[in-house]
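These are my notebook entries on one protein chain. I wrote down what I looked up, entry by entry.

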Amino acid sequence: FPDQPLADLPILPEHLWRGVPRAQAAPPGPPVGSGPYRLVRASAGDGYRFLANRDYFRGAPAVARLEVPIIRDAQRTYRALFDGRADMLPVTLPGAVARRLRRSFGIAISSGPSYSGTALMLNVRRKPFDRVDARRGVAAALDLDRLVLNVAPAVKADHGYLHPASPWAAAPVLQHFDAPAARRAFTRAPLDAEVPVLAPDNDAVRMEAGRQVVLALRRAGVRARLVASSATALAQATGEDGSRPTFTAAIVSIPALASYDPDLLGRLFGANGRRTRLDASGYRSAAFDALAARIAAAPDPDARRRAVGQVLERLARDVPAVPLFFSEGTFAYRPGAYGGWVHVKGLGILDKQSFTQTSPAARPAPAGRAGGGQSRAEGGGVFGVLSVVSLVVLLGAVALGAVALGSRWRSWRP
């Protein structure tokens, strides 16, 4: 209850939601909520604008306006921060980029565990992964230690779909690299055709993950190739946009919410699951559904933890997807523009706590005030200290791609 619905379900205005048909997703018109900012402009091609809600129950936000233009390429977001045209990147940075930015004058780094992970999803509806031996062969062929070295900083996901720092994470290691076992599995369930592995072309970390998966499969004797896919193409291939899934294997995200509330696992993989990238695997198991039901029905935390462990073990045995790693949350920002960033464990710094008056950091800090890894700057909160905060969306990425903060609106072209 503290997670869902108390904290996760937004307040729904009765005068808008009364009478909305069950088949209709939401009332007509722009979204209406009760948070610290109001959406006042939306353009799929250019971006978004938010104005502060002065009547927010926790106090007026520290920044009057949020501007959210769109950038379509990850490399451009890194260059924008490096060149001083952007002041914050809320997407987790690859290690090489973070090291370069850390050495740059006027840029600070905030780091912490990120519950958002990366997985290799397999399409169990079609050959070759309609056979569990083939899926188990793939899991055994993946050396997560080697993979993590190439996508660092990251933590391997050998305990399953929950971050090791989650209080619900499974104690035993569920995935083991075993090259001989992989070859035996592929003997029982040969992968005769080439295996295309789709990966998002606007995410450097997940592209590298796809490349490492392909190399591991080749070392196990499997013909595999990496397919760089746009966000639109990946959503269509995995069925995320409502299309019939046509992929064979794809690099996808593990939702951060699962590590906070593992009941989400039942909705991701269960028979009544919502359409998500992981649900697109086509996995269906009555045994899994029965185990997943115990998570929500558990009478105490210990019982719930045991239920979660059983669910994770079942997923490791049936392998609808192979969890790979959880990237370290590494976020770069310019403290001279704004120093009020608050690092929320598992989520990062793009959170309303970074803008609300309850944060002890609500005013710009002088350049260099916040050092690398510092997630808060000193200062008290006064509404309008910064008139504009500009957040740049990396269109189609798993997370936002870049944020530019400044005392005035900066024109930004996608």
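**Entry on Tyr 115.** I looked up Tyr 115 and found it in strand S5, residues 108–122. Helices (H or I, at least four residues) and strands (E, at least two) are DSSP runs, numbered from the N terminus. The model is predicted: local features need pLDDT of at least 70, side-chain atom pairs count only at pLDDT 80 or more, and totals for chains, interfaces and linings use all residues. Residues are numbered from 1 along each chain as its sequence is written, and side-chain values use heavy atoms, with hydrogens and water left out.

Is Tyr 115 buried or exposed? Its relative accessible area is 3%, so I noted Tyr 115 as buried. Buried means under 20% relative accessible area, exposed means over 50%, and partly exposed lies in between (1.4 Å probe, protein chains only).

I then listed what Tyr 115 touches, not counting residues up to four places away in sequence; among them are His 163, Ala 165, Ile 254, Pro 255, Tyr 260, Phe 326 and Lys 345. Contact means heavy atoms within 4.5 Å. I also noted that Tyr 115 and Leu 162 are 47 residues apart in sequence, but 7.5 Å apart in space, C-alpha to C-alpha.

**Entry on Ile 70.** I found Ile 70 in strand S3, residues 63–71. Ile 70 has a relative accessible area of 0%, and therefore it is buried. From Ile 70 to Gly 45 I noted 25 residues in sequence and 7.3 Å in space, C-alpha to C-alpha.

**Entry on the whole chain.** I noted 13 helices and twelve strands in the protein chain. The chain has 414 residues, and buried residues make up 51% of them. Of the contacts with a separation of 6 or more, 69% are between residues 24 or more positions apart. The accessible surface comes to about 18800 Å², and 52% of this belongs to carbon and sulfur atoms. Accessible areas come from the Shrake-Rupley method with a 1.4 Å probe; for residues, only the protein chains shown count as cover.

**Entry on helix H7.** Which residues of helix H7 (residues 179–188) are buried? I wrote down Ala 182, Ala 185 and Phe 186. They cover an arc of only 95° around the axis, so they sit on the same side of H7. The arc is that of the directions from the helix axis to the C-beta atoms. These buried residues pack against helix H5 (132–141). At the start of H7, I found a side-chain oxygen of Asp 178 within 3.1 Å of the backbone nitrogen of Ala 181.

**Entry on salt bridges.** A salt bridge is a side-chain nitrogen of Lys or Arg within 4 Å of a carboxyl oxygen of Asp or Glu. How many are there by this rule? I counted ten salt bridges.

One of them joins the side chains of Asp 133 and Arg 188 (3.5 Å, N to O). This pair links distant parts of the chain, with Asp 133 in helix H5 and Arg 188 in helix H7, 55 residues apart. Asp 133 is at 19% relative accessibility, so it counts as buried. Arg 188 is at 46%, so it counts as partly exposed.

Another joins Arg 211 and Glu 208 (3.0 Å, N to O). They are separated by about one helical turn, because they are three residues apart in helix H8 (residues 204–219). Arg 211 counts as partly exposed at 38% relative accessibility, and Glu 208 counts as buried at 18%.

I also noted a salt bridge between Arg 18 and Glu 14 (3.1 Å, N to O); both residues are exposed. Asp 145, Lys 156 and Asp 158 are linked in a network of salt bridges.

**Entry on Asp 318.** I found Asp 318 in helix H13, residues 301–318. Its relative accessible area is 11%, so Asp 318 is buried. Leaving aside neighbours within four places in sequence, Asp 318 is in contact with Val 132, Arg 135, Tyr 283 and Ser 285. With the side chain of Tyr 283, the side chain of Asp 318 makes a polar contact (2.6 Å). A polar contact is a pair of N or O atoms within 3.5 Å; within protein, one must be able to donate a hydrogen and the other to accept it, and residues adjacent in sequence count only if both atoms are side-chain atoms.
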